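This report describes a single protein chain, taking its local features in turn and then the chain as a whole.

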Amino acid sequence: RMGGMGAGLPIEFLDADGNVVKVIEFDPPKHSAQPLIQAVTNELRGVEKTSKDGSYELHRSPARADNAIRASKVLDAILNSYYGGRHDEFWSRSESWPGLKE
């Protein structure tokens, strides 16, 4: 049995009668997106970092607009058949979603 909706909750192993026979506890994982969020925030704020040679340079986030546009196009292509397009306010017309009719 595993705790739901929360990383780092213990995992309990039960026998056939439902009795706990073993419990594994662990520390919750670090937020996996934190380094990217921090890099984007630093770039937007104009935070500088020290280079190996001692000079300063602007933090550059690995998140680029062209990557976001490409990801958006892929998601649109994947979800098109379910939502019947995402060109409009598709969330307000769930009755017309082809994916719900299947």
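## The hairpin and its surroundings

Strand 1 and strand 2 form a hairpin in which five residues lie between the two strands, and Gly 18 in the turn has a positive phi of about 90°. The model is predicted. Strand 1 covers residues 11-14 and strand 2 residues 20-24; the two pair in the antiparallel sense over four bridges. Within this pairing, Phe 13 stands opposite Lys 22 of strand 2.

Phe 13 also belongs to a nonpolar surface patch of about 350 Å², which is made by Phe 13, Val 21, Ile 24 and Phe 26. Ile 24 is placed in strand 2 and counts as partly exposed, at 34% relative accessibility.

## The chain as a whole

The protein chain has three helices and four strands, and from the N terminus on its elements run β-β-α-β-β-α-α. The chain has 102 residues, of which 12% count as buried. Of the contacts between residues at least 6 apart in sequence, 4% join residues at least 24 apart.

Asn 42 lies in helix 1, which spans residues 34-45. Is Asn 42 buried or exposed? Its relative accessibility is 11%, so Asn 42 counts as buried. Leaving aside residues up to four places away in sequence, Asn 42 touches Val 47 and His 59.

## Salt bridges

Side chains of opposite charge can pair when their charged atoms come close.

| Salt bridge | Closest N and O atoms |
|---|---|
| Glu 43 and Arg 64 | 3.4 Å |
| Asp 76 and Arg 86 | 2.6 Å |
| Arg 93 and Asp 88 | 2.9 Å |

Glu 43 forms a salt bridge with Arg 64. This pair links distant parts of the chain: Glu 43 is in helix 1, while Arg 64 is in the loop between strand 4 (56-58) and helix 2 (65-83), 21 residues apart. Arg 64 has a relative accessible area of 31% and is partly exposed.

Asp 76 forms a salt bridge with Arg 86. Asp 76 lies in helix 2 and Arg 86 in the loop between helix 2 and helix 3 (98-101), so the pair ties together parts that are 10 residues apart in sequence. Asp 76 is partly exposed, with a relative accessible area of 30%, and Arg 86 is partly exposed at 29%.

In the pair of Arg 93 and Asp 88, Arg 93 counts as buried at 15% relative accessibility, whereas Asp 88 counts as partly exposed at 31%.

## Aromatic pairs

The count of aromatic pairs comes to five. In one of them, the rings of Tyr 82 and Tyr 83 have their centres 5.0 Å apart and their planes at 85°, so the pair is edge-to-face. Tyr 82 counts as partly exposed at 32% relative accessibility, and Tyr 83 counts as buried at 17%. The rings of Phe 90 and Trp 91 have their centres 5.4 Å apart; with the planes at 75°, this pair is edge-to-face. Phe 90 is buried, with a relative accessible area of 14%, but Trp 91 counts as exposed at 57% relative accessibility.

Which residues do ring pairs link into a cluster? The cluster consists of Tyr 82, Tyr 83, Phe 90, Trp 91 and Trp 97.

Terms used:
Residues are numbered from 1 along each chain as its sequence is written. This is a predicted model: local features need pLDDT of at least 70, side-chain atom pairs count only at pLDDT 80 or more; totals for chains, interfaces and linings use all residues. Side-chain values use heavy atoms; hydrogens and water are left out. Buried means under 20% relative accessible area, exposed over 50%, partly exposed in between (1.4 Å probe, protein chains only). Contact means heavy atoms within 4.5 Å. Rings of Phe, Tyr and Trp (its six-membered ring) pair if their centres lie within 6.5 Å; planes under 30 degrees apart count as stacked, over 60 as edge-to-face and the rest as tilted. Two strands pair if DSSP finds at least two bridges between them. Patches are made of residues with over 30% relative accessible area and no salt bridge: like charges are joined within 9 Å, nonpolar side chains (Val, Leu, Ile, Met, Phe, Trp, Tyr) within 5 Å. Accessible areas come from the Shrake-Rupley method with a 1.4 Å probe; for residues, only the protein chains shown count as cover. A salt bridge is a side-chain nitrogen of Lys or Arg within 4 Å of a carboxyl oxygen of Asp or Glu.
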